[in-house]
Every structure is written in C-alpha cells, then in structure tokens.
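Okay, everyone, let me put the model up on the screen.

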Amino acid sequence: MEFTEEQILLRALSRGDEKAFEVLFMRYFPRVKRFISGLLQDDITAEDFAQDILLKLWQKREEMAKIENLNAYLYRTSRNAVYQHLRHILLVNEYGEKQQENLSRQQNEGAGNIEENMFAEELLLLIQHTVEQMPAQRKRIYEMSRKEGKNNDEIAQLLAINKRTVENHLTQALADIRKMLKHFYLF
C-alpha cells in the first residue's frame, strides 16, 4: 500500500514532527483562509480562524494519522467554525431569537427533515451575515424590499431617492448574496 505525501506528513505529524506540521501549515493556511474569507467576507477574521484551525492539527496530532483526506477535514472544520461564529453573532443580535422561534415552530409542526432544516438554517445565517456586511443604504433598501415587502417605487418615495438608485442597490445586494452562495455551493 502506497501512501501519498499528505498521508506521510500526517503520520509524521502524529509522531510530533514539527517540520511536518510546518509543511502542512504552509500548504493549507492560504486555502483555509481563502475559503473562510469567502464565507465571512472578512480577511482579518478569516486569518484568525485559519490559524486556529491549523493549530488544532498540532493539538490533536496523535489523531492525524487516521485522517484520509486532510483537505476535506480542514474544509469541514472550517465550515463548522464559521457556522458557530455566525450563530454567535446572531445570538447577540435580535435575529438569534427570531431564528430559534422559527426552528422551534417548525419542529413542533413536524415540518421537514431535521437535516434539511439545519441546512436551511445555515443558509439563512450566511445570507443574514451577508446582509449585515452590506453598506447601510444597500442594507436598508434590501430589508425594506425583502422584509417589509415594499416595492421599488415605495422605497424610492420613502427614502427620497430615484427609483433607479433603489434598483441598483437591490441588484448589488442580490449580487453580494449570489457571490456568498457561490462560495457556499462550491464547498
């Protein structure tokens, strides 16, 4: 049975080889950071998360020889870390309470598969995070359109701006969300 270079490095890491850890860190840090940054749209937080995730390789080094696909392991760990971070943000905001109520109501009504509900919840968290990161005017127009159900004319009138400006903001908001979804579905 032949081992890949990655498997050899993981076995060396599991024996405490610092050079193997350094090689793995340098190889995977940019990938993990880029993936997290694509989800969070925040390079500084992505860098912190990537460092923490790769540091866990060293902390759990004894278990690393068992991993068959480090790339998949790191992306799954990264995704879980991002979701946990987003959940924390939502709990701090009012959205957390509303999301918990919706989830409880769905469970009480026996709606759907638990896995589907979790996927929908994760997707909603990412969309809400993307909206939170938008410039104030774009965020306001998006929320008036999607949450309050106002049409473009009403929004333009309420904000005393041109209808075309409203359309441009909505187009850009949806492009921001599509960009985030592209990263999500690529994973």
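By the rule I'm using, we get 4 aromatic pairs; Phe, Tyr and Trp rings (the six-membered one for Trp) pair if their centres lie within 6.5 Å, and planes under 30 degrees apart are stacked, over 60 edge-to-face, the rest tilted. Take Phe21 and Phe25: ring centres 6.0 Å apart, planes at 50 degrees, so that pair is tilted. Before going on, this is a predicted model, where local features need pLDDT of at least 70, side-chain atom pairs need 80 or more, and totals for chains, interfaces and linings use all residues. Residues are numbered from 1 along each chain as its sequence is written, and side-chain values use heavy atoms, leaving out hydrogens and water.

Phe21 is buried at 16% relative accessibility, while Phe25 is partly exposed at 22% (buried is under 20% relative accessible area, exposed over 50%, partly exposed in between, with a 1.4 Å probe and protein chains only). Phe25 and Phe29 have centres 5.3 Å apart and planes at 15 degrees, so they're stacked. Both sit in helix H2, 4 residues apart, about one turn (helices are DSSP runs of H or I, at least four residues, numbered from the N terminus). Ring pairs join Phe21, Phe25, Phe29 and Trp58 into a cluster.

Trp58 also has the charged end of Arg61 over its ring, 4.1 Å from the centre; that takes CZ of Arg or NZ of Lys within 6 Å of the ring centre and within 35 degrees of the ring normal. Likewise, Arg31 lies over the face of Tyr28, 4.8 Å from the ring centre.

Conventions: Helices (H or I, at least four residues) and strands (E, at least two) are DSSP runs, numbered from the N terminus.
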